[in-house]
Amino acid sequence: MDSLPVDLLQRAAVAAALLGSLAVVAVVDRPSPAGARLRRRFVLGVPWGTLVAGVGVLAVYLFVQGGLRHWYSPVTIPFRAWSYLYPLGMASAAFSHGGAGHLVGNLVGTLTLAPLAEYAWGHFPRERGSQSFSSLRTNPYVRAFVAFPAAVFVVGLLTSVFALGPIIGFSGVVFAFAGVALVNYPIGTVVALAVGSALRLVYNALLTPVLTASGRPAYITPWWADIAIQGHALGLLIGVLVGVQIVRARRHRDRPSARRLWLGATLFSVEQSLWAVYWYRGGETYVLYRAVGVVLVTALALVIVFAVVARDEPLLTWSLAGDSGVVRHWQVAAGVLLFTTAAIAGPAVPANLYTADSGALPGDELTVRDYEVTYAEDVRNGLVAVVDVEAFGETTAVNTSGVIVRSEERGIWTTAVTKGRLAFDGQVAVRLGGVGWRETVYAQRDGWEVLGNDTAYRVALGDAESGRVVYTSDPVTAAPTLAGRNVTVVPGEGGYYLRVERGNDTLSSGLPAHNESVTVDGLTFTRDNSSVFVTYDRTRLRLLEKETYE
């Protein structure tokens with residue numbers, strides 16, 4: 001009988017250790033009041049709304065984005081929130097994901113934070129005088145299986161409609177869960193973050209029991225530049241506003257203290273990098289305003305405290321034309337939260353009305369149904385803004401370089417692969433598609449590093465094995481002058497050429513094939529593996545080196 005694989009045994013050990021320890025704790029802690037408390041708030045003690053929301057998000061990834069067959073490479077471009085003129089993207093962006101890791105991270109956040117929000121709201125209403133099953137609003141099954149998932153869907157749409165830039169992912173809704181939880185159970189929310197880290201550790205241990213790694217070069221953008229900070233802040237504020245309504249319905253003594261609220265809100269904001277306020281400067285450059293972020297996070301925590309703990313005494317009263325009203329202390333803080341939410345969401349409206357440049361794309365292009373794909377450098381980003389805005393030395397009018405994907409039908413204009421990324425990897429897949437279909441275009445770069453100067457290169461688009469050249473760099477001249485001659489490498493659609501110039505005379509020849517030589521104006525060029533050598537007057541130099549990729 002064959003022995004069991006080592007990885008399988010290790011996975012079994014992880015599962016046994018976790019389940020066994022939980023079982024022992026349950027026995028030692030018996031009887032536990034936790035079950036009774038859960039049944040008072042949840043139907044059968046289960047957060048059904050959380051489970052329905054999680055299953056729905058998973059279903060979008062598996063069946064809409066194609067994750068069932070391509071777990072690690074779903075289609076993402078058509079499911080981003082590109083423009084109000086592209087309803088599919090707006091409707092699907094909050095429930096779609098960029099990859100398996102992105103999905104798992106948000107599902108873990110949902111499973112740890114959403115139950116707290118659902119518990120605060122409850123399947124069984126606790127308003128004085130209300131009774132379960134007396135109406136649809138108080139029916140526990142409607143609240144669990146209809147109302148809570150519907151609220152999740154609405155919040156998801158809000159985080160898409162009022163997002164700056166083509167967001168994708170459920171994280172805005174996860175932050176809304178956190179906002180509701182934070183104002184009701186601030187310390188419990190921070191603990192939930194730790195539980196989420198533990199769940200991710202267990203998931204990774206089951207997925208890869210043993211990981212072997214070594215030092216290697218990597219193309220890395222700033223980690224904070226990958227955070228949808230505006231979408232996260234918007235989701236959190238929406239959740240906080242909902243949570244304030246829930247917590248204010250409770251007696252004052254049942255609300256969390258100011259210290260707990262401030263500590264929970266601050267720790268959560270820091271841990272979730274809500275302080276990482278940044279600006280995209282263009283190309284591959286980003287600017288982080290760390291100090292500004294810390295000030296904003298601290299101010300947010302203070303406003304949350306006042307919105308929850310301030311008493312109901314009137315701050316001012318007013319009377320106008322026979323009507324009168326009262327403004328209470330806590331309502332001022334709630335108004336600040338509402339104004340802040342509107343200020344964060346408002347700029348997204350003009351940005352999402354006009355997002356795609358409909359002019360001619362630069363360079364040659366490849367067409368896949370309604371998509372156009374090309375490569376260009378230092379061109380105006382056609383997605384940034386309709387009206388250029390300048391503030392603090394930064395501007396929305398930025399240039400970009402890389403593989404450009406456009407669909408006028410969908411309102412899409414994006415740099416799918418940056419110039420730096422392609423120069424590092426050599427070949428990158430661009431997955432196009434829509435509901436029910438997908439097609440992959442590969443961007444491929446090849447080039448020659450020229451002695452004492454830059455690299456001459458070409459970019460092709462096509463399948464994984466071959467493609468059509470759509471871009472060639474400028475010619476590059478070697479730094480040394482060889483016997484009074486200048487040698488320039490010229491990239492072309494059919495290959496690379498050597499141009500030798502002496503005075504007003506110019507001669508050209510194709511780059512020699514492997515293990516072959518060519519002589520131009522007394523200079524002999526010999527290609528050996530990935531190098532090209534030049535020989536003249538008993539001198540031999542390595543003139544060109546084939547560009548390599550990671």
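Which residues does Arg41 touch, not counting residues up to four places away in sequence?

## Surroundings of Arg41

Arg41 touches Tyr119, Ala120, Trp121, Gly122, His123, Phe124 and Arg126, with residues up to four places away in sequence not counted; contact means heavy atoms within 4.5 Å. Arg41 belongs to helix H2 (residues 34–41), where helices are DSSP runs (H or I, at least four residues) and strands (E, at least two) likewise, numbered from the N terminus. Its relative accessible area is 7%, so Arg41 is buried (under 20%; exposed is over 50%, partly exposed in between, with a 1.4 Å probe and protein chains only).

## Basis of the model

The model is predicted: local features need pLDDT of at least 70 and side-chain atom pairs pLDDT 80 or more, while totals for chains, interfaces and linings use all residues. Residues are numbered from 1 along each chain as its sequence is written, and side-chain values use heavy atoms, leaving out hydrogens and water.

## Helix H5 and Trp121

Helix H5 (residues 100–121) is followed by Gly122, whose phi is positive, near 85°. Trp121 forms one aromatic cluster with Phe95, Phe148, Phe153, Phe170 and Phe177. Arg143 lies over the face of Trp121, at 4.1 Å from the ring centre (the criterion is NZ of Lys or CZ of Arg within 6 Å of the ring centre and within 35 degrees of the ring normal).

## Aromatic pairs

The structure holds 16 aromatic pairs, defined for rings of Phe, Tyr and Trp (its six-membered ring) by centres within 6.5 Å; planes under 30 degrees apart count as stacked, over 60 as edge-to-face and the rest as tilted. One of them, Trp224 with Tyr278, is tilted, at 5.9 Å centre to centre and 55° between the planes.
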